[in-house]
Amino acid sequence: MRRYAVILHPDAELGKRLAAFWSQQKSLGLPVRAFSECSQYAHFRTGAAVEILLFSEHFAEEMQGLIGNSFALLLSEDGFVGEQALNTISVPTLFLYRPADALARSIMALYAKARGDALLSVSRGECEILGIYSPVHRCGKTTLSLSLGLARAARGNTLLLSLEEYAGVYGQIAPDGAESLSELLLAHCTGRYRWSELQSRLSSFGALKLLPPVRSAEDLSLLPPEEFASLIQRIADESAYRNVILDFGSFGRRALELLEICDRVFMPVLGDPLSALKLASFREYLQKSGREKLLEKVETLELPNEREKAQDYACALLPAYESGLIYELASALH
């Protein structure tokens, strides 16, 4: 029987908008249905498995016997729940009126604690891992990562993970207090990583979902490279994303294990002689270390110069990353 998330709210239009957004973004890892009457929901659940149930406090009295095995959350209209509703049914409560992606993160954080591994959405064969890596510095890796991420997100759900040592432009994108790769690595080290845990930590940049870089550069050393690669592989195995993009930043030679799990690697380069020497040294290192097959999945790119957009890129202005020559190049990468 197919599993669903359900939102039950007397405002039918509000419920439909939330359901459409969460279904499109796969924010809850499930298709989402909305109902404005308990009778509609009661009929629906006779032929479907409701994994996540979100209902307005207006329906608290009517929900007796209609929750079953669902993970249920009561949605508060004003941040407070009336005593009658609390006495009628005892489930966790969330304030409803906040941005849809923030509400979804809160739902998934509570779900992760309660249900752990219950949601495993897409098989590995449906998720492509793409790496943005270069031994050359200041060649546009992050700009290409965000442009490619937005281009792919326009076609299917896409997740961007940044392995940068310092936040840079990602610090402009993520809201204050947003969780980062540091928290994800810690969750993995302590055995608490779940796909739903990841969902509760993500930030949004347009249609693209992303996890900001570590809070401290030292956090990148929490996992040895092979275990880091295993975590990324697990994210691809268990997530609801069609594309996982890795912005390697200045990850260095530790990146080799992660490059090997990538389906494709896009390598921005520069045309100057010093950059050509670095690229030649990288290729030589792969050959000497027995990893020359990595070169078969690497595509080198010279990015067009968009100097006039440098300030817009630095300020993380979404329109700058969704248009222009670099975005057009990223959209053409297949």
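This is a predicted model: local features need pLDDT of at least 70, side-chain atom pairs count only at pLDDT 80 or more; totals for chains, interfaces and linings use all residues.

**Entry 1: the cavity.** I began with the lining of the largest cavity, and helix α4 (residues 100-115) gives the largest share of it, 3 residues. How many cavities of 30 Å³ or more does a search of the whole structure find? I got 1. I wrote down a volume of about 70 Å³ for the largest cavity. Its lining is made up of Ser 27, Asp 101, Ala 104, Arg 105, Gln 199, Leu 202, Lys 209 and Tyr 241. Sorted by class, I have 3 nonpolar, 2 polar and 3 charged residues in that lining.

**Entry 2: α1 against α4.** From α1, the contact uses Leu 18, Phe 21 and Trp 22, and from α4 it uses Ala 100, Asp 101, Leu 103, Ala 104 and Ile 107. I noted 7 nonpolar residues here, no polar ones and 1 charged.

**Entry 3: α7 against α9.** Next I took helix α7 (residues 181-189) and helix α9 (residues 225-238), whose axes come within 12 Å and cross at roughly 100°. That angle makes α7 roughly perpendicular to α9. Which residues meet in α7 and α9? On the α7 side I listed Leu 181, Leu 184, Leu 185 and His 188, and on the α9 side Glu 227, Phe 228, Leu 231 and Ile 235. By class, this contact has 6 nonpolar residues, 1 polar and 1 charged.

**Entry 4: the sheet.** I then traced an open sheet of 7 strands with mixed pairing, and its order is β8-β9-β7-β10-β6-β11-β12. At the edges I found β8 (203-205) and β12 (298-301), each pairing on one side only. Neighbouring strands are turned by 25° against each other on average, direction ignored. I zoomed in on one pair: β7 (residues 158-162) and β9 (residues 208-211) run in the parallel sense and share 3 bridges. Leu 161 has Leu 211 in β9 as its bridge partner.

**Entry 5: the largest pocket.** What is the volume of the largest pocket? I have it at about 960 Å³. There are 29 lining residues, and the closest to the pocket's centre are Arg 138, Cys 139, Gly 140, Lys 141 and Thr 143. The helices α5 (141-153), α6 (169-173) and α12 (310-314) each supply at least two residues of the lining.

**Entry 6: Arg 291.** Where is Arg 291 placed? I found it in the loop between α11 (273-288) and β12. Leaving aside neighbours within four places in sequence, Arg 291 is in contact with Leu 256, Glu 257, Glu 260 and Leu 286. I also checked Arg 291 against Glu 260: they are 31 residues apart in sequence, and their C-alpha to C-alpha distance is 8.8 Å.

Methods
Residues are numbered from 1 along each chain as its sequence is written. Side-chain values use heavy atoms; hydrogens and water are left out. Two strands pair if DSSP finds at least two bridges between them. Helices (H or I, at least four residues) and strands (E, at least two) are DSSP runs, numbered from the N terminus. Axes are lines fitted to C-alpha atoms, for helices over the stretch in contact, and angles run from 0 to 180 degrees between N-to-C directions. On a 1 Å grid over the protein atoms alone, a cavity is a set of points where a 1.4 Å probe fits but cannot get out, and a pocket is an open set with protein on both sides within 12 Å along at least five of seven lines; lining residues have an atom within 4 Å of a point. Grid points are joined across faces, edges and corners, and a volume is the space filled by probe spheres set on the points. Ala, Val, Leu, Ile, Met, Phe, Trp, Tyr, Cys and Pro count as nonpolar, Asp, Glu, Lys and Arg as charged, and the others, Gly among them, as polar. Contact means heavy atoms within 4.5 Å. Angles under 35 degrees count as roughly parallel, over 145 as roughly antiparallel, 65 to 115 as roughly perpendicular and the rest as oblique.
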